[in-house]
Amino acid sequence: MSGIYKFKTSRLAPWALWFARLCIPVAILSFLLMRFGGLHPSIAIYCFAVSVLLAALSILTSWAAFHAIWFEGYRGGKWLWGAFVRSMVVLLPAAVAAFFYFTLPPFSDLSTNPIDPPEFVAAWQMRTDADNSLAIASLEAREAQTLAYPTLKSQVYDQPIALMQLALADELQKSKWQILRSEEQKADGDNAYYEAYTRSFITGLRYVVVIRLSPTGEEETTLDMRSASLWGGHDFGMNARRIEGFVEGINERMSSNVQRYELQLEEIERLRRLQMGPLPKPKPKNLGGPAVG
């Protein structure tokens, strides 16, 4: 005689799946608020923290239900598996962010020249009252940066500042940053300054950059760069990667495109002379002077 067996269902398994299903929409909402919402990033961070809490509750609830399902034969194993997969969608990015937060130095403003970093001028208009200050950091903070990022140094090139300005303009155009200030050298011995604004494609966090070109000789130019986060005390290494990537791009141009820039300088000089017009003709010498008797 056949029997009918009824299996009990774990009461915690549906809760674990419900928490997991809820954490993903909350995480997506935090991303949308940060990237497109136009709100302060702190609000999106709090929203993402709620999604992480929901994912953690799902894992804890799944762990509590696992004993009854595995050892007592309760139903709900598929729900626990679904809860685990959905929770990992939120917990893995949170774990990566936590890894960078605790392993990378806590800086939000870095420069290749901690002793004399270039100052922001136009970038101040991009910040709000709740954002980070763009003033030069304290001496202690700059000394700590030197120890944390010893590879960030001023770059010296054996090229005139006029040629470096051409290479810098091309690299800025390639980066697709919003240019806030473009001040080329006005007179011999003056510096050239460039400021730009950019946002992270994923998080929407805002950053500003200032670059200074300083002539150190007729055929030598020093490049200093500074990158700062407009919000937060930890940049997760973004500013260092931005500086290193930009400097690497300039180095590649200096190794392969110097001849092209030299030709561009010659063409600029030729056009400048054409705009000035022809040079005045010298007055003829007085050949018919009075005869000497």
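How do the residues of the lining of the second largest pocket divide into nonpolar, polar and charged? Please also describe what surrounds that lining.

Modeller: A word on the source comes before the answer. This is a predicted model, in which local features need pLDDT of at least 70 and side-chain atom pairs count only at pLDDT 80 or more, while totals for chains, interfaces and linings use all residues. Residues are numbered from 1 along each chain as its sequence is written, and side-chain values use heavy atoms, leaving out hydrogens and water.

Now the pocket. The lining of the second largest pocket divides into six nonpolar, three polar and four charged residues. Here Ala, Val, Leu, Ile, Met, Phe, Trp, Tyr, Cys and Pro count as nonpolar, Asp, Glu, Lys and Arg as charged, and the others, Gly among them, as polar. The second largest pocket holds about 410 Å³ of space. In total 13 residues line this pocket, and Ala162, Gln165, Gln185, Leu265 and Glu269 are the closest to its centre. Helix H5 (161-175) and helix H7 (258-276) are the elements that give two or more residues to this lining.

Some terms need cut-offs. A pocket is an open set of points on a 1 Å grid over the protein atoms alone, where a 1.4 Å probe fits, with protein on both sides within 12 Å along at least five of seven lines; lining residues have an atom within 4 Å of a point. The volume is the space filled by probe spheres set on the points, which are joined across faces, edges and corners. Helices are DSSP runs of H or I with at least four residues, numbered from the N terminus.

Stay with helix H5. Glutamate 171 forms a salt bridge with arginine 253, and their closest N and O atoms are 2.7 Å apart. A salt bridge is a side-chain nitrogen of Lys or Arg within 4 Å of a carboxyl oxygen of Asp or Glu. This pair links distant parts of the chain: glutamate 171 sits in helix H5 and arginine 253 in helix H6, 82 residues apart. Glutamate 171 counts as buried because its relative accessibility is 6%. Arginine 253 is also buried, at 13% relative accessible area. Buried means under 20% relative accessible area with a 1.4 Å probe, counting protein chains only.

The largest pocket has a volume of about 1,100 Å³. Its lining has 25 nonpolar, six polar and two charged residues.

Conventions:
Buried < 20%, exposed > 50% of the residue type's maximum accessible area, 1.4 Å probe, protein only.
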